[in-house]
Amino acid sequence: ALKLRAGDKHCLVARSKCYLKLGDTENSLKDAEASLQNDKTFSKGLYQKAETLYTMGDFEFALVFYHRGYRLRPELQKFRLGIEKSQEAIVNCVGSPSLVKLENKEDLCFISRQAESKKANQKLQNKVTMDQKWTRKQRPVRNPKTERQLLGELYADKAYLEKLLKDEDLMESSTKQGIKVADLVLSGISYLDTRSEFWQQQKPIYARVRERKLRQQRWIRDKKRKPAEVGRYIVKSMEDIDMLLTGDSPEESCKKAERVLKRIQGWSDDEVPNKNELIGNLHSCIGNAQLEMGQMEAALQSHKMDLEFARQNDLRDAVSRALGNVGRVYARIGKFQQAIDTWEEKIPMAKSSLEKTWLFHEIGRCYLELNEAGAAQNYGQKSLQSADEEGDAEWQLHATVLVAQAQVKLKDYRSAIMNFEKALEKAKLIHNEAAQKAIIIALDDVSKSFIEELNKRREEPTIAFSSPDYDFSSENTKDDDSEKFREREESEQSAENQDDEKQKEDARNYKEEHGNSKEGGSEQENKEKESKGDERRRDRKE
């Protein structure tokens, strides 16, 4: 990029940052100053130069350029942080300004910017020459303990490089590029010495000791007032978790609860007296968030952990809460019998009528899903009774609908219609339009079923007095009617014949009694009787 556009200040700053990462402070400073050559107010160049000077240990000059950048761009936080760390490093090197007394014997003047640049370059050249002379004259050896404190993990690397210096054959050898191994080892040791000097100036040993003591004092002071801080932290965290869950952010709520749980588990029982209760509550919050996210198995596991903590510590309210949540998860995943068993265990722990209303309703709903309509009706009536005690119209609506649905399953259509009508009144009372529409549809279906049941009952008497040995189809009925008519006609005919025979018998007896003189009269009477008998027979036939 610099070949295409030579002197581009943004590219120079970028390359200066790369040189600084590699530890090449000389080239980093050159590029930073080159970026300021045409524009002295270039904020990125000022910041990069200040960072390079700070890394080189020139904290005073770094402070000057941090201030210049801050005056130009006060909204950038990096300049303010640079000022603070430079001032802290200077205090660590020379002590607090309050301990220094200055005497104003002559006029003081500020160093010009050119003088500052020359002085910085001079210091840089002096350091380069010192690094070059390191190979001729070894620096005085520091105390190993101090060296270890300054270098930290890099102390082992320096010890290894110093051990390599004792191998004369290795030091005389060269790499494939023609560089002597001795020069590479010495440059590495020189770099580590420079770093140790920088860290000693920035934060010397006495400053570290003082800081350690202050940290211990602060820890002791914080420990004394920790219960109040812990209480505030817990209350604020639980409020945030509930707010995130109710605000349709279950994932954030779950993450927040997991972070708080991890932190509380690291605290002692003295710091958190109700630690186990709080851990169970956090497991409950995590389970509720997982349930909202659709993670059913994870939610069930979290609520079971809450139940386990509650039972171990004999926390009755927590056990009741955990049983309710476990049953809710079972119902959501379709394990209705497990949900019923869990909720029935919770029944004796329910305190308020409203809690009982919800509990009875959910158990009845599970029984309805299992096609046990009788138990569903029973729990629905219990839920309705508790809702009436509480005076909650909405739960009265839910309980009444549950009872009506159970009665439909039991084919008690008349009672179901009455309860659906009551539920419709409740829905109108609380202005629940969705419930009104659903109840109207259910009423229509129940009414149709009820009419069909009535029609079936009207046909039942004909069937009730029939014998299973007979076929009561329409054709057989017609045959039975004709057969009965023939039997009746034959019986009437036999009765007429019996009357005729009787009349003839009477006539014969009469002739025998009255003799031949009355024979003509008797024959006339017989004829009259016969004619009357014929008329009677005709009347009967008609």
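**A helix pair in a predicted model**

Good morning. Of the 542 residues in the protein chain, buried residues make up 33%. Please keep in mind that the structure before you is a predicted model. Its secondary structure comes to 25 helices and zero strands. If we take the contacts in the chain with a separation of 6 or more, 54% of them join residues 24 or more positions apart.

I shall now turn to one pair of helices. Two packed helices are described by the angle between their axes and the distance between those axes. Our pair consists of helix α20, residues 393–409, and helix α21, residues 413–429. Their axes come within 8 Å and cross at roughly 160 degrees. Because an angle over 145 degrees counts as roughly antiparallel, α20 is roughly antiparallel to α21. The crossing of the two is left-handed.

Which residues of α20 and α21 make the contact? On the α20 side they include Leu 397, Val 401, Ala 404 and Val 408. On the α21 side, among them are Tyr 413, Phe 420, Lys 422 and Lys 426. Taken together, the residues of this contact divide into ten nonpolar, six polar and two charged.

Finally, let us consider an annotation from a record. An unreviewed UniProt entry places the feature "coiled-coil region" at residues 403–430. In the model, that span is 86% helix and 0% strand. How far apart do the end C-alpha atoms of residues 403–430 lie? The distance between them is 19 Å.

To close, I would ask you to find α20 and α21 in the structure and to follow their left-handed crossing. Thank you.

Key: Residues numbered from 1 in each chain as written. Predicted model: local features only at pLDDT ≥ 70, side-chain atom pairs only at ≥ 80, totals over all residues. Heavy atoms only, no water. Axes fitted to C-alpha atoms, helices over the stretch in contact; angles between N-to-C directions. Helix = DSSP H or I, 4+ residues; strand = E, 2+ residues; numbered from the N terminus. Parallel < 35°, antiparallel > 145°, perpendicular 65-115°, else oblique. Left-handed = near helix turned anticlockwise from the far one by under 90°. Contact = heavy atoms within 4.5 Å. Nonpolar A, V, L, I, M, F, W, Y, C, P; charged D, E, K, R; others polar. UniProt positions renumbered as here; feature names shortened; annotations may be inferred. Buried < 20%, exposed > 50% of the residue type's maximum accessible area, 1.4 Å probe, protein only.
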